[in-house]
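Student: Hi! Could you walk me through this structure before I set anything up?
Tutor: Happy to, here it is.
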Amino acid sequence: MQRRDFLEFVRLAGLASVIPNNWRVRFRPSFAENPFSLGVASGDPTPNAVTLWSRLAPRPLDPDGGMGGVRSAVNWEVSEREDFSTVLQRGRVTAAPELGHSVHVEVGSLEPDRHYFYRFMSGDAVSPVGRTRTTPGIGMGREPGGAALRMGVVSCQNFEDGYFTAYKHLAAEPLDLVIHLGDYIYEYSPGEGRVRRHATPEINSLGDYRIRYAECKADPMLQGAHQHFPWIVTWDDHEVDNNYAGLVGENGMESEEQMRNRRSAAYQAWWENQPVRVPRARSWSDLTIQRELSWGSLAQFWVLDTRQYRSDQACGDGAKAVPCGNWSDPTRTMLGARQEAWLSRGLAGNTARWQVLAQQVMMAPFDSTAGPTAQVSMDQWSGYPIARDRLLDRIGRTAPNRTVILTGDIHSNWVNEVRSSFSRPDAPVVAAEFVGTSISSGGDGADRSNAVNDRTLPENPHLKWQNSRRGYFTCQVSPTEWRTTYKTLPFVTRPDAPIGIASEWRVERGRAGLSGGER
Ligand SMILES: [Fe+2]
């Protein structure tokens, strides 16, 4: 007998009083405030399954979300109709304190390429209705003129830096999918004179991280974007600690054991708060999140983790003149041996029309100094030149000019032509990189970064466009063509900014390079 059935049996038999209180599930919990204050979400769709998410938190900023350690039954329903007049599937799960009262429901036996609605119930409370969808089946999307994929790509949402207005606009887009490339939360202490204020000092414990997620997730515009589409989520550094590398923290002062504890808390809270199909690890500090997802035979997504396994940054975290220190040591890694081998094998064996890398830090270099010396970011792929050349060589040999790299991290928009090596100037263009700006991090921003100017542009011929406003980009993918549209907001430090198209780009499958520009 499963434990849940056992508990139900005990309850029906009137034996509840013999079970220790903390294991008792409340089948009809009552809530003074709305327990669905953090909304609902779905993610990691396949042709016949999707993960549904919610988290009970009647008082989001209280420790334990105001649940008082109570273990509560949560019912869920999936329907093809928004009014739930017919219900396709239903079930019951437990929201437990040891998992932050989060629930992850794996709904299977769905039809490919179809929309569904879902909702949760606990006690008398009913959640908002979410809309999600499955992916096309394998084989669909291969033929020219076949099904297109429309997706939004987002990253970096510092709660204090600005309003999440971009999400209001994103929710109104006709999209199939949203990809989040990390920095969903920021670990920092509250700052002065900001648009909004973190409720707690710099976060470190599991309780701290849970409260930080709750603060962010309570935002109605973020909730709206989750409610409309399934998401594919990965993390960047701020889900743990700025610029951390493996078990090395930002200031390099923590012991490995301290970093392991911090990662454990941060990774667990990430898992609890995201609609992901990521198996729980034996130890939370080693949670493996890289995974592959497909959109029929049109697109294959490789969702990467460039933080957990990387070697420490060479010569510090910032932009440095190269070569320096152990920068070009061939044993230094960005992905770690296992993830790198998995990606290499995957790229070589997959036949989808487009190979899509959903990852964090910029792949292409940006030399930020004029003149013969080069100065590049130690935190980006440019800080790991040998590992980058290995990956780009693999792309060049196995998936040239049908690979697109989606990047976040730096709160600005960059469009790059990616070569099969950035060590050899004659290496051919084999991929396109679209770097997306932040939702709010960095405040209002500017039309262009100061570093991109008439002196640096000629030294970076692979850079086609740069912009430092807030927003997101959308991609419209067909078997023969990839279109990316950058959308930006004039401000985020006040509410209700309008959104406009900043630039549009086109990649033709099988042809090197990209075309497009500002509108
Ligand atoms: Fe960020």
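What follows is a chat about the metal site, some helices, ring contacts and backbone details of this model.

Student: First off, what kind of model am I looking at?
Tutor: A predicted one, so please read everything below as computed from that model.

Student: Let's start with the metal. Which protein atoms are the donors of the iron ion?
Tutor: The iron ion has Cys156 (SG), Asp183 (OD), Tyr186 (OH) and His411 (NE2) as its protein donors, and they lie 2.0 to 2.6 Å from it.

Student: How are those donors spaced along the chain?
Tutor: The spacing reads C-x26-D-x2-Y-x224-H. Cys156 is in the loop between strand E10 (149-154) and helix H2 (165-171), while Asp183 is in the loop between E11 and H3, 27 residues apart.

Student: And what geometry does the iron site have?
Tutor: It comes out as irregular, with angles of 89 to 169° among the 4 donor atoms. The tetrahedral label needs all angles between 85 and 135 degrees, and 169° is one end of the range here.

Student: Is Cys156 buried or exposed?
Tutor: Cys156 counts as buried because its relative accessibility is 0%. Asp183 is buried too, with a relative accessible area of 0%.

Student: What about the backbone at Asp183, where is its phi?
Tutor: Near 60°, which is a positive value in a residue other than glycine.

Student: Switching to peptide bonds, which one is cis?
Tutor: The bond from Val322 to Pro323 is cis, with omega near 0°. You'll find Pro323 in the loop between strand E15 (319-322) and helix H6 (337-349).

Student: Now helices. How many residues does H3 have?
Tutor: H3 covers residues 206-217, so counted it has 12 residues, by the helix runs used here. From its first C-alpha to its last it reaches 16 Å, close to the 16 Å expected at 1.5 Å a residue.

Student: Is H3 mostly covered or mostly open?
Tutor: Mostly covered, with 9 of its 12 residues buried. Among them are Tyr209, Ile211, Tyr213 and Cys216.

Student: What covers those buried residues of H3?
Tutor: The cover includes strand E3 (50-55), helix H4 (220-228) and helix H5 (256-273).

Student: Lys217 is in there too, I think. What does its charged end sit over?
Tutor: The charged end of Lys217 sits over the ring of Trp53, 4.2 Å from the ring centre.

Student: Okay, rings. How many aromatic pairs are found in the whole structure?
Tutor: The search finds 16. One of them is Tyr184 with Tyr213, a tilted pair at 6.1 Å centre to centre and 35° between the planes. This pair links distant parts of the chain, with Tyr184 in the loop between strand E11 (177-180) and H3, and Tyr213 in helix H3, 29 residues apart. Both Tyr184 and Tyr213 are buried.

Student: Which rings link into a cluster?
Tutor: Phe434, Trp465, Phe473, Tyr486 and Trp505 are linked by ring pairs.

Student: Last one: is Glu192 buried or exposed?
Tutor: Exposed, with a relative accessible area of 66%. Glu192 is found in the loop between E11 and H3.

Note on methods
Residues numbered from 1 in each chain as written. Predicted model: local features only at pLDDT ≥ 70, side-chain atom pairs only at ≥ 80, totals over all residues. Heavy atoms only, no water. Helix = DSSP H or I, 4+ residues; strand = E, 2+ residues; numbered from the N terminus. Expected span 1.5 Å × (residues − 1). Buried < 20%, exposed > 50% of the residue type's maximum accessible area, 1.4 Å probe, protein only. Contact = heavy atoms within 4.5 Å. Phe/Tyr/Trp six-rings, centres within 6.5 Å; stacked < 30°, edge-to-face > 60°. Lys NZ or Arg CZ within 6 Å of the ring centre and 35° of its normal. Donors = N, O, S within 2.8 Å, 3.2 Å for Na, K, Ca; no water. Tetrahedral: all angles 85-135°; square planar, octahedral: opposite > 155°, others 65-115°.
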